[in-house]
Amino acid sequence: MTHLPRLPDVPEQPSLDGLEEKWSRRWDESGVYRFDRSRTRDQVFSIDTPPPTVSGSLHVGHVFSYTHTDAVARYQRMRGREVFYPMGWDDNGLPTERRVQNFFGVRCDPSLPYDPRFVPPAEPGREQVPVSRRNFTELCERLTATDETAFEELWQRLGLSVDWTMTYRTVGAPARAASQRAFLRNLARGEAYPAEAPTLWDVTFRTAVAQAELEDRERPGAYHRLLFARPDGAPPLEIDTTRPELLPACVALVAHPDDARYRPLFGTRVRTPLFGAEVPVLAHRLADPAKGTGIAMVCTFGDTTDVVWWRELRLDTRPVLGRDGRLAAEPPAALDSEPARTAYAHLAGATVHTARERIVALLRESGELVGEPRRISHPVKFYEKGDRPLEIVTTRQWYLRNGGRDERLRAELLARGSELSWHPAHMKVRYDSWAEGLNGDWLVSRQRYFGVPIPVWYPLDADGNPDHARPLTPPESALPVDPSSDTPAGYEPAQRDRPGGFTADPDVMDTWATSSLTPQIAAGWERDEDLFARVFPMDLRPQAHEIIRTWLFSSVVRAHSEHGVLPWRHAAISGWILDPDRKKMSKSVGNVVTPTDLLLRHGSDAVRYWAASGRPGTDTAFDVGRMKIGRRLAVKVLNASRFVLGLGAAGGPERITEPLDAALLAELAATVEAATAAFEEFDYTRALEGAEQFFWHFCDDYLELVKSRAYGEQGARAADSARAALAPALSVQLRLFAPFLPFATEEVWSWWQEGSVHRADWPRAEELREAAGPADRAVLATAAQAIAGVRKAKSQAQLSMRAEVALAVVTGPRPALDRLTLALGDVRAAGRIGELRTVPGEDPQLAVTVSF
């Protein structure tokens, strides 16, 4: 047997160990993923990368979804598109503030002056140290910068093909300028407006919360049945409520207009228990006759339905809850009787929980509580990052029009959703459902500290009161600005907060008000017009399904209002990562897995393989077993490639003459065609499955069948044909796997090819078919079936696979036997068969019997 010499660049024992460090460094040095700005828009594929929240550490869910995006980016690059693939960091918002508070042991107190010499405690104590807003935001920037460095290192280990020269931060100057510019233009067009209105309020963070940030959580509660007196002496009305502490804020009773029990009472008035305030009995379609007693107490404000009733029925306002979540010190003006004020005194300053206990005791004592509270479980609205139920308080906030109160705009945004190509297509339903269900405009102001400031000041009158009707705005050329430290045109710094001077709007923007502009920020809107023209509107928005209502929808709103277009052409939606109990992995739940150890233990290609196995839009279980399979695959790619190159596959321009070799390339052409079609639909999982299925067929069947011939045991011409098939087969398979296993494929590519596999051309089925010539794909499958039968017989006889077979008889349909004849020499060599006979039979499957 003649053995061909091993190529000098192929290692004796290939290994995955160290490949991440080796190739990450080389990719960075060579700029293989650097964006080429000379390419025209039609040659560019631009990606609006999700900027991860920089608030501690990444978790395996990030690795999951970002791998999906990276696979698409690598595919598009190999298809000849110049890929614009920047990375952003989402710095602002509550997660960062909470992390800074805990890490440094500080809390923000905006009333304090800036201390340039402030140093945070070396070891945070139980009591957080109060610091000025500027000191606090400086600590936020300091910690996020550290986190971003760690994030970038992890992303590079994962192998993201990002252009690291084009990162951005959502609190960086370009992002702040873009956010403020967009806001000022919204304001000029009448799309941004301030309003004093009932606002969902988180009492822990002391900030307003938007509809998109809500989540329902099941919580225990209780129905309390209260008696409302009727002035005509008729029996009192019984009302069920879960919020008895809001009784002093009651402004009406509401029943359904078709409810015969209460129709005679519409237009009459009743008196509230304890406080004796007169309130009307009214009709409204949202009242549920089957809930409680069928008639509801309307308070300002207990829930969002109260707000609807208050607005549509034009009710009085009697707020009792403050921003701190406690009942106000003084009762509403309508509770002016001595008994009412005496009763309210028991509640003043109490938390919601305490006020509830006290008012129930008072109602029980007065005889206006029917029976005892009845325990229930019901959904309660929370801020998605909060720990206490939301309240509704009246505050002055900024809003952006989003179709919630404008049917024309709603219709336009729904039409935008239809223009967008959704992957998978059924995710569009979530967009439509959200847009159709909006009941108000987008609340974009937040009463926090670390974020993009609202770029507005207000003139103060002679008494020092702000004139909110005449906001002062900066010119766009001055952006970004911080109204808390910058001075508006026409004023001196000394006039800040002085009568006749000016005051700053104290709020910052909702984090989504900045993140909704990530396509514009990354593309250099109004900052780098050349870049903007080459990449915007972008091609792809990859993201998870739960933020369709926030990030995706709000991005459509901003691009529609500013540019009159969609911000991107395609939306690729990933699912969640589920823990072993099939629950979503979440930092707040505490069931997340951090990825660093996984990447070190299994290797990045293995973790990427698991991630890419999760189908688009589908929730996927965290599965270390899949990572182990991925590692075995990556190792097999190294070893099989070494074996193939050792057969001389990298040799000269041989021509394919053997039917088995032609069948291989024809089969591979079909695989390339299917993988390409899958990637064009952003279905990376289907592309991986096809490549993997072919690879194992190639290793287990074709290599075993052809290796004897490739070594020259059947003559030089037959060996040349094998090598002529092996070379393109290896090259094509490396390129098919490159989006998923970037490290292993780059390593093998470097053994025998110039440049990077990640800048190589994506394989074309036409080239493979041209090289194969006339070919019957079934020849390979038939030969594989025959050799499998021989192996099975050896296994059943408990013999080595290298055992000699004296005679093998293959029975089957004539067409299959004819195909087998075309590969007879390879089957005999692979099975170590002395004599191989074929016998026609009726069974459609081949049957193999052997004699040893």
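Among contacts in the chain (heavy atoms within 4.5 Å) between residues at least 6 apart in sequence, 77% join residues at least 24 apart. The model is predicted: local features need pLDDT of at least 70, side-chain atom pairs count only at pLDDT 80 or more, and totals for chains, interfaces and linings use all residues. Residues are numbered from 1 along each chain as its sequence is written, and side-chain values use heavy atoms, with hydrogens and water left out.

**The whole chain**

Display the C-alpha trace, which spans about 110 × 65 × 55 Å along its principal axes. Colour by secondary structure next: the chain has 25 helices and 29 strands. These elements are DSSP runs numbered from the N terminus, helices being H or I with at least four residues and strands E with at least two. Of the 852 residues, 55% are buried; buried means under 20% relative accessible area, exposed over 50% and partly exposed in between, with a 1.4 Å probe and protein chains only.

**His 59**

Select His 59, in the loop between strand S1 (44–46) and helix H2 (60–78). His 59 counts as buried, at 15% relative accessibility.

**The cysteines**

How many disulfides does the structure hold? There are zero, a disulfide being a pair of cysteine sulfur atoms within 2.5 Å. Select Cys 140, which is in no disulfide; the nearest cysteine sulfur belongs to Cys 108, 8.3 Å away. Cys 140 is buried, with a relative accessible area of 0%. Move to Cys 299, also in no disulfide, where the nearest cysteine sulfur is that of Cys 250 at 4.9 Å. Cys 299 is buried too, at 3% relative accessible area.

**Helices H18 and H22**

Select residues 659–680 (H18) and 765–772 (H22), which pack at an angle of about 170 degrees with their axes 8 Å apart. Axes are lines fitted to C-alpha atoms, for helices over the stretch in contact, and angles run from 0 to 180 degrees between N-to-C directions. H18 is therefore roughly antiparallel to H22, a term for angles over 145 degrees. Residues making the contact include Leu 665 and Glu 673 of H18 and Leu 768 and Arg 769 of H22.

**Helix H20**

Finish at residues 716–737, the 22 residues of H20. From first C-alpha to last, H20 reaches 31 Å, close to the 32 Å expected at 1.5 Å a residue; the expected span is 1.5 Å times one less than the number of residues. H20 is largely enclosed by the rest of the structure, because 18 of its 22 residues are buried.

Conventions
Angles under 35 degrees count as roughly parallel, over 145 as roughly antiparallel, 65 to 115 as roughly perpendicular and the rest as oblique.
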